[in-house]
There are 2 protein chains.
Amino acid sequence: MKKKAVVLLSGGLDSTTVLAYAIDKGFAPHAISFAYGQRHAIEIENAKQVAKHYKIKDHRIINIDLRQFGGSALTDNIEVPKNTGIENGDEDARDNIPVTYVPARNTIFLAYALGLAETIGAFDIFVGVNALDYSGYPDCRPNYITTFEKLANLATAAAVEGRGVFTIHAPLITLSKANIIRLGKSLGVDYSITHSCYDPTPDGKACGKCDSCKLRLKGFAEAGYNDPLPYVNSV
Amino acid sequence: MKKKAVVLLSGGLDSTTVLAYAIDKGFAPHAISFAYGQRHAIEIENAKQVAKHYKIKDHRIINIDLRQFGGSALTDNIEVPKNTGIENGDEDARDNIPVTYVPARNTIFLAYALGLAETIGAFDIFVGVNALDYSGYPDCRPNYITTFEKLANLATAAAVEGRGVFTIHAPLITLSKANIIRLGKSLGVDYSITHSCYDPTPDGKACGKCDSCKLRLKGFAEAGYNDPLPYVNSV
């Protein structure tokens, strides 16, 4: 029987690549997605489509309302920044944590993933965080992930009672976006079903101008592939 | 101006004592409670009552549905154990993590508290976990709390950008229930507005038989006070 794993799945480029990676490594993935009042609610539809594509039988969609907290352009009425130059290594874009940062988001997401893992008897959690081509989020760095792993092994009955040891797999954490896309392509990922834009149009077109779009487009260009997504106008 | 703090408030004996403690230490507390599909939903009403008593202006009640996960007597259709002998240090009760354990619960709660703290600009989080008279929960131990504190300082823009250092205060962690009650009494806590039972009657009477009731009753007896709560029959 295959080893169960929990995969955090947003339906974006990174998490879809991670899902394909976990399957390739021989795991039986259970997917978990979060409806957290984000602007880009289309994410959830993409996550469902990706889960269906990979025939994931257990896909939990957790409703959490981070809008109660506010403080982020992704959940609040703060404008999503456009054309910051992040894809060119622009100093200002890199030195500051952007307004799209959501307080404690990955900690909340990983905590739920841990709860699900413990409930289903899994000890492997896969997450598509990335510290390199990221957007300056502190909770995407290697030290953060290893510390959460340590926490997981202290927090849970499953670990404390010796039934297993939790591993947080973050296989993309040091990859460039181009190399993530190359990895995904080698695993047969269909990127037309993934979505990355922070501020898509109501009919699902990517804006092409937010940090997420810019990094994605640059990654495809560097990897030598066309991005199959529809974008607003030409970008 | 007083320093802001986030206090995890269930409305039970421990968290109410912690709230009084935080106020006594000069903090301006913001309270956070969780409606997590628990059997003892009356908790939320108690939390509201306690928050009102202490004139807390900002009390967030976060709806999270841990029933999606199952696996605990507190959220699932598993019977709450009665008369386990935990209050007498019964070996079986102490060596096993009880079925009332909720997978990753404190990690999820602390993650939300961290998100709220970062949003409001607080760096102090108070939580009423207890490792001594507890009920065998792994996420109530000192090492767990210090590891979460480390995580908090890696996870957040507020810490990474140097605006402050997060402290997780767990002032009850090594106290016996009797000493928690003595502490609360010295701070003027009115324990008639707190509630601890895992399986109360619909009209709000405590069962007197679950681990939580047994530990509470023993604590009051040892501290030399009467528990002002109504219990089912005489217990």
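Which residues in α5(A) meet which residues in α5(B)? Before you click, note that this is a predicted model, where local features need pLDDT of at least 70, side-chain atom pairs count only at pLDDT 80 or more, and totals for chains, interfaces and linings use all residues. Residues are numbered from 1 along each chain as its sequence is written, with chains lettered from A and ligands numbered from 1 in the order in which they are written.

**Stop one: the two α5 helices.** Select A:Asn143, A:Tyr144, A:Thr147, A:Phe148, A:Lys150, A:Leu151, A:Leu154 and A:Ala155; they meet B:Asn143, B:Tyr144, B:Thr147, B:Phe148, B:Lys150, B:Leu151, B:Leu154 and B:Ala155. (Contact means C-beta atoms, placed from the backbone, within 7 Å; helices are DSSP runs of H or I with at least four residues, strands runs of E with at least two, numbered from the N terminus.)

Now view the axes, lines fitted to C-alpha atoms over the stretch in contact, with angles from 0 to 180 degrees between N-to-C directions. Those of α5(A) and α5(B) come within 9 Å and cross at roughly 160°. That makes α5(A) roughly antiparallel to α5(B) (angles over 145 degrees count as such).

**Stop two: the whole contact.** Select 36 residues from chain A and 36 residues from chain B. On chain A's side, β3 (59–63), α4 (105–120), α5 (142–155) and α6 (157–160) each give two or more residues. α4(A) gives the most, with ten.

**Stop three: the sheet in chain A.** Here's an open sheet of five strands, ordered β3-β2-β1-β4-β5, with parallel pairing (strands pair if DSSP finds at least two bridges between them). Five bridges join β2(A) to β3(A). Finish on A:Ser33, whose bridge partner in β3(A) is A:Ile61.

Methods: Angles under 35 degrees count as roughly parallel, over 145 as roughly antiparallel, 65 to 115 as roughly perpendicular and the rest as oblique.
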